[in-house]
2 protein chains.
Amino acid sequence: MPNERLEKQIAFILEIDKAKQVLRRTLLLDRSRPENDAEHSWHLAMMALLLAEYAATESLDLFRVVKMVLIHDLVEIDAGDIFIYDAARRVEKEERERRAAERIFGLLPEDLTEEMRSLWEEFEARETPGARFAAALDRLQPLLHNYHTQGHSWRQHGITQDQVLALNRRISEGAPALWEYAQGLIEDAVRKGYLDKGSAAS
Amino acid sequence: MPNERLEKQIAFILEIDKAKQVLRRTLLLDRSRPENDAEHSWHLAMMALLLAEYAATESLDLFRVVKMVLIHDLVEIDAGDIFIYDAARRVEKEERERRAAERIFGLLPEDLTEEMRSLWEEFEARETPGARFAAALDRLQPLLHNYHTQGHSWRQHGITQDQVLALNRRISEGAPALWEYAQGLIEDAVRKGYLDKGSAAS
């Protein structure tokens, strides 16, 4: 069955198996091992389904949010996972991810390349309410994992409360009620010694 | 912030982290380790987005298909993964999965419990076009993995071509063109020695 279109779709489906090998800094909740991008993306998609009511907008296109979180980290197959607190490396990250998007989404038939690229670009730009909600989930999930693993990744990298607040504040843009909840977790993490208060009193 | 509803949603989100620990029989494509349920579910959701055009129906509710595949294996957190060729254990499987659905979806607020349960029951019943398409993907993905790992799981369990054809025939109900493609893979797997021809000439 020589079907060029289907062959391209299957080639992409096989290629993205590699997302299961891209390791993140956060641990599974039982602390047995780091989480990978495929698991993380699945978890975000589930969170989108379960927490949609907290989105900052009433006209949320939830299916599009789910699509965005499912594909948002595929570029890391080539570009790798960059620790979000590592500001220096975040600069080169953009260029590497752009090249990765080119190659990976380019495996698909043209219409699907366009669809995947537009989802990824919308997610990255964080300009639409859906992308802001997706970005909020992408911050909340590691925060939940850090809190429930006694601050594993924070302590390992000497991250302070100021940094956590600064980096996660974008949750408020996409889902104000979840930001309120997240702030409660962050305060409690400091109280419990999972997270250093840091120098400033921001 | 004492918000009972949100606390229940978060409790469920934390609970389903365990799906990342439920191991399946299929290997990752690089054969480094078995795949887990969270990764598998993410992969199916991606396949749904990419292969929707092959669904047997023209009125596919694709978002519902994506939701079904995202949640379809959550019951295995309690019930475990049962090898699909193990007919004896498939009998007790149903009862264990029903209890698992009760407990796991029951962690959520009532409206979400209902929604998750109804998605899972629709997937299990395979009576709607969407559920049939979801089921087709749930068979095609391990078949792709088996083929591209030189029949690892087939050879490990002495599975024959007849069994593979019988078990995967349901792909034809949900996505005829994908069944045609799958049959090509199965024939090629026999030719390449990844899969035994078996006794009958079915």
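Q: Hi! What should I know before I start reading the numbers?
A: This is a predicted model, where local features need pLDDT of at least 70, side-chain atom pairs count only at pLDDT 80 or more, and totals for chains, interfaces and linings use all residues. Residues are numbered from 1 along each chain as its sequence is written, chains are lettered from A and ligands numbered from 1 in the order in which they are written, and side-chain values use heavy atoms, with hydrogens and water left out.

Q: Thanks! How many residues of chain A are in contact with chain B?
A: On chain A, 52 residues are in contact with 52 residues of chain B. Contact here means heavy atoms within 4.5 Å.

Q: And what area is buried between chain A and chain B?
A: It is about 4700 Å², and carbon and sulfur atoms give 72% of that. Buried area is the accessible area (1.4 Å probe) that two parts lose on being put together, summed over both.

Q: Which three residues supply more than any other three on chain A?
A: They are K20(A), W42(A) and L50(A), with 16% of the area that chain A buries against chain B.

Q: Okay, how many salt bridges are there between chain A and chain B?
A: The count is four. A salt bridge is a side-chain nitrogen of Lys or Arg within 4 Å of a carboxyl oxygen of Asp or Glu. In one salt bridge, the side chain of K20(A) meets that of E35(B), at 2.7 Å from N to O.

Q: Which element gives the most to the side of chain A that touches chain B?
A: That is α2(A), with eleven residues. Helices (H or I, at least four residues) and strands (E, at least two) are DSSP runs, numbered from the N terminus.

Q: Now chain B itself: in what sense do β1 and β2 pair?
A: Strands β1 (residues 23–27) and β2 (residues 34–36) of chain B pair in the antiparallel sense over two bridges. Strands pair if DSSP finds at least two bridges between them. L27(B) stands opposite P34(B).

Q: Last one: what does R103(B) form a salt bridge with?
A: Its partner is E15(B), with the closest N and O atoms 2.7 Å apart. R103(B) lies in helix α5 and E15(B) in helix α1 of chain B, so the pair ties together parts that are 88 residues apart in sequence.
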